[in-house]
Amino acid sequence: MNLTKETAMTDKRTDDLSAAYEAVAAKHFSSADQATLDANGYRGMSQPDTSWEALHEEAAQLMKTGNPRSAEAMVFARRWMEKVFEATGGNPALTRKMKAVAREIHQQPAFAAVSRSSNEMMDFVAQAYCAAIAAGIMPKPDEG
């Protein structure tokens with residue numbers, strides 16, 4: 001089997017992302033948390049959900065406008081958070097843990113070197129999400 005340079009780079013990128021994610025996730029997610037994520041189809045970085053690529057690209061474009069309170073950013077934040085809630089089952093505690101994992105992995109050099117996401121992107125989406133809640137586009141989450 002001949003691997004092209006692009007395939008080898010993609011495999012290395014996936015391996016790097018997966019290793020960084022697994023190390024951080026193990027510190028935050030209990031076995032019950034991981035079972036919930038698995039049951040909801042979330043497989044971490046070992047089997048990344050390709051729909052996140054489009055969300056990251058759209059977030060990067062919206063960040064160029066610099067306005068997380070725009071109607072477009074708020075509608076986008078709703079889609080982003082619906083994707084997060086899909087993985088967490090809408091469980092507020094698990095959603096917070098997932099946010100903590102994401103923030104920490106963005107600080108890992110192996111992850112940061114190959115990821116399209118960042119803490120700045122998460123901050124932008126969080127601001128847009130808060131604006132969407134204030135505008136009534138999204139319900140206020142339970143505190144659970």
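Q: Which exposed residues does the face of H3 turned away from its buried side carry?
A: That face of H3 carries Ala 54 and Lys 64. Exposed means over 50% relative accessible area, buried under 20%, and partly exposed in between, with a 1.4 Å probe and protein chains only. The model is predicted: local features need pLDDT of at least 70, side-chain atom pairs count only at pLDDT 80 or more, and totals for chains, interfaces and linings use all residues. Residues are numbered from 1 along each chain as its sequence is written, and side-chain values use heavy atoms, with hydrogens and water left out.

Q: Which residues of H3 are buried, and how are they placed around the axis?
A: An α-helix has 3.6 residues a turn, so residues three or four places apart point the same way. In H3 the buried residues are Trp 52, Leu 55, His 56, Ala 59 and Leu 62. They lie on the same side of H3, because their arc around the axis is only 130°; the arc is taken from the directions from the helix axis to the C-beta atoms.

Q: What do the buried residues of H3 pack against?
A: They pack against H4 and H7. Contact means heavy atoms within 4.5 Å. Helices are DSSP runs (H or I, at least four residues), as strands are (E, at least two), numbered from the N terminus. The protein has seven helices and zero strands.

Q: Which residues of the largest nonpolar core touch the most other members?
A: In soluble globular proteins, nonpolar side chains tend to be buried together. A nonpolar core is a set of buried Ala, Val, Leu, Ile, Met, Phe, Trp, Tyr and Cys residues joined through side-chain atoms within 4.5 Å. Here the largest has 33 residues, and Tyr 21, Phe 29, Leu 37, Phe 76, Trp 80 and Met 98 touch the most other members. H4 gives the most to this core, with eight residues.

Q: How many aromatic pairs does a search of the whole structure find?
A: Rings of Phe, Tyr and Trp (its six-membered ring) pair if their centres lie within 6.5 Å; planes under 30 degrees apart count as stacked, over 60 as edge-to-face and the rest as tilted. The search finds three pairs. Tyr 21 and Tyr 42 are edge-to-face, 6.2 Å centre to centre with 70° between the planes. Tyr 21 is in helix H1 and Tyr 42 in the loop between H2 and H3, 21 residues apart. Ring pairs also link Trp 52, Phe 76 and Trp 80 into a cluster.
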